[in-house]
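Trainee: I would like to learn how to read a few features of a protein model. Please take me through one.

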Amino acid sequence: MAYAPQLDTIYLRNLKISAVIGPDAWGRQDKAQPVVLNIRLKIDTTSSSTSDDINDTFSYGQMSKEITSQLDGKAFNNLQHLITVLTTFAAFWPGEDTKLQALAPKALLRVEGGLEIAHSIRKKDRYEENGVPQVRHVDTRSWSIKGLKLACIIGVNKHERLQKQNVNVDLRIPAIDPRTFDAKDGSSENWRTLVNRVCE
């Protein structure tokens, strides 16, 4: 009876780059913004553990250098565009499942934690075309707005309604079709509209 190999997990946490991702929080088009990347790679390391050969390993240092060279200092239409480009070369990496997260901590006013998108690539969705790895389907797992700061009247008693109180709200929209939010001037415009409506 064949047993599935035990997968190990490689984490690359808080890799910071700077890139243009559409209009910034003040509407400036060509202003670079900080972007924080987090990556989780589930990989079978059986061959490297048995051979003790460095050529059978996967270098997270090399992965970090590749990400930086491809994304840092570059210009993208929006955060969706950036993570889509990341996905194209992440398809070359080994592994059964790859999770990609891109956080723009300063993309939106009144949002303390930033705007985040999470993607997932599964091995069964990878294929080769003319020897080049491709991805058949990318699962956009969620969009998140983290730490939206609001001032609200909370409570039903008279004394509770005299002053507004500060509230932090996290918004998470799962399984979103990114095409719904891709406007010509970048998806950040749509998220600003959403934030403004929540704050009204």
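This is a predicted model: local features need pLDDT of at least 70, side-chain atom pairs count only at pLDDT 80 or more; totals for chains, interfaces and linings use all residues.

Trainee: How many helices and strands does the protein have?
Mentor: Helices (H or I, at least four residues) and strands (E, at least two) are DSSP runs, numbered from the N terminus. Here there are four helices and nine strands, in the order β-β-α-α-β-α-β-β-β-β-β-β-α.

Trainee: At what angle do the axes of α2 and α3 cross?
Mentor: Axes are lines fitted to C-alpha atoms, for helices over the stretch in contact (heavy atoms within 4.5 Å). Angles run from 0 to 180 degrees between N-to-C directions. Helix α2 (residues 60-71) and helix α3 (residues 79-90) have axes that come within 11 Å and cross at roughly 135°. The contact involves Glu66, Ile67, Gln70 and Leu71 of α2, with Leu82, Val85, Leu86 and Phe89 on the α3 side.

Trainee: Which strand pairs with β4, and in what sense?
Mentor: Two strands pair if DSSP finds at least two bridges between them. Strand β4 (residues 97-104) pairs with β5 in the antiparallel sense over eight bridges. Leu103 is opposite Glu116 in β5. Six residues lie between the strands of this hairpin, where Arg110 has a positive phi near 65°.

Trainee: Is β5 mostly covered or mostly open?
Mentor: Buried means under 20% relative accessible area, exposed over 50%, partly exposed in between (1.4 Å probe, protein chains only). In β5 (residues 111-122), nine of the twelve residues are buried, making the strand mostly covered.

Definitions and conventions. Residues are numbered from 1 along each chain as its sequence is written. Side-chain values use heavy atoms; hydrogens and water are left out.
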